[in-house]
Amino acid sequence: MKKLVVQDTLVSLTRVHDDDYISLTDIARVRNPDEPKDVVKNWLRNRATVEFLGLWEKINNAAFKGVEFDSFRLQAGSNSFTLSPNKWIEATGAIGIKSTAGRGGGTYAHRDIAFEFASWVSAEFKLYLIKEFQRLKEDEAIRLESGWDIKRSLARINYKIHTDAIKETIIPHSITSAQTGYIYASEADLLNVALFGMTAKEWRDKNPNQPGNIRDGATVEQLVVLSNLESLNAAFIRQGLAQAERLMVLNELAISQLRSLMGFNTAGKLK
């Protein structure tokens, strides 16, 4: 889950089948901070909205139920017509809007639809939303490109750069005996503990306002070691090593490799 700051409003983004979905609930708070869901429902009552959503689904969703859509289209705009996100999704099989309940829930929509909704809420807000969204995608593209450069440059890491203070910040502590006895839900979290000293959930609990996840803020050196640990862990699994034993070995390797990398410069230059 990522967040954009648009005119002092936090707008959440999520990924659904490799597409970006933006929170309509967050956008709606620009008009009604207390009852954003009512703003979304009012938007859905409009004939222009229903026709736009139907067209989007016909283009992008082969399983869209056209007969049910026609019924909504004929009723849209009348005083008695009401439509909620869940009703739209359940009746038509729509995929452009997602709605979930509970903490962290709300109504999300494909970016095409979210930008259309933002226009209805505020033309000015829409422009700033698009600007921040584009900035996010540019940052992601740069990060991906940098990651590719890192892989090509690993063999050329050959001279010193970092201070002792940086070393103390990045190099993990040895894991505790309690951690070795804990069964982790996934191998990804096993690697997180070995390298960062905590699980993804523990990091999120300690950093509730930080965007991204535990690995998004990793240094170049940590990403290099993480890649090595993934390969080593796979080999250890094939050898039949128990999880607790693998955790201890991987943690020792993470500490050793980071100490070695902290004495080289090429990875630091890539930051």
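Gln7 is partly exposed, at a relative accessible area of 36% (partly exposed is the range between buried, under 20%, and exposed, over 50%, with a 1.4 Å probe and protein chains only). This is a predicted model, where local features need pLDDT of at least 70, side-chain atom pairs count only at pLDDT 80 or more, and totals for chains, interfaces and linings use all residues. Residues are numbered from 1 along each chain as its sequence is written, and side-chain values use heavy atoms, leaving out hydrogens and water.

Gln7 sits in the loop between E1 and E2 (strands, E, have at least two residues and helices, H or I, at least four; both are DSSP runs numbered from the N terminus). Setting aside residues up to four places away in sequence, Gln7 touches Glu124, Phe125 and Tyr128, a contact being heavy atoms within 4.5 Å. Gln7 and Phe125 are 118 residues apart in sequence, yet 7.3 Å apart in space, C-alpha to C-alpha.

## Two positive phi values

Asp8 belongs to the loop between strand E1 (2–6) and strand E2 (9–16). Its phi is near 70°, a positive value in a residue other than glycine. Asp8 counts as exposed because its relative accessibility is 78%.

His17 is another non-glycine residue with positive phi, here near 50°. You'll find His17 in the loop between E2 and strand E3 (19–23), and with a relative accessible area of 72% it is exposed.

## The chain overall

The chain holds 14 helices and 5 strands. Of its 271 residues, 39% are buried. Among contacts between residues at least 6 apart in sequence, 64% join residues at least 24 apart.

## Nonpolar cores

The largest nonpolar core has 38 residues, and those with the most contacts inside it are Ile22, Ile27, Val50, Trp88, Phe117 and Leu129. Such a core is a set of buried Ala, Val, Leu, Ile, Met, Phe, Trp, Tyr and Cys residues joined through side-chain atoms within 4.5 Å. Helix H6 (residues 111–121) gives the most to this core, with 6 residues. Apart from it lies another core, of 22 residues, including Val193, Leu195, Trp203 and Val220.

What does Phe117 touch, leaving aside its neighbours within four places in sequence? Its partners are Leu24, Ile27, Ala28, Val39, Val40 and Trp43.

## H3 against H6

The axes of helix H3 (residues 47–60) and H6 cross at roughly 165° and come within 11 Å. Axes here are lines fitted to C-alpha atoms, for helices over the stretch in contact, with angles running from 0 to 180 degrees between N-to-C directions. That makes H3 roughly antiparallel to H6 (angles over 145 degrees count as roughly antiparallel, under 35 as roughly parallel, 65 to 115 as roughly perpendicular and the rest as oblique).

On the H3 side, Phe52, Leu53 and Trp56 make the contact, and on the H6 side Asp112, Ile113 and Glu116. By class, that's 4 nonpolar, no polar and 2 charged residues. Nonpolar covers Ala, Val, Leu, Ile, Met, Phe, Trp, Tyr, Cys and Pro, charged covers Asp, Glu, Lys and Arg, and the others, Gly among them, are polar.

## H12 against H13

Helix H12 (residues 220–238) and helix H13 (residues 243–261) pack at about 150°, with axes 10 Å apart. H12 and H13 are therefore roughly antiparallel to each other. Their contact has 12 nonpolar, 4 polar and 2 charged residues. Among them are Val225, Leu229 and Phe236 in H12, along with Leu250, Leu253 and Leu258 in H13.
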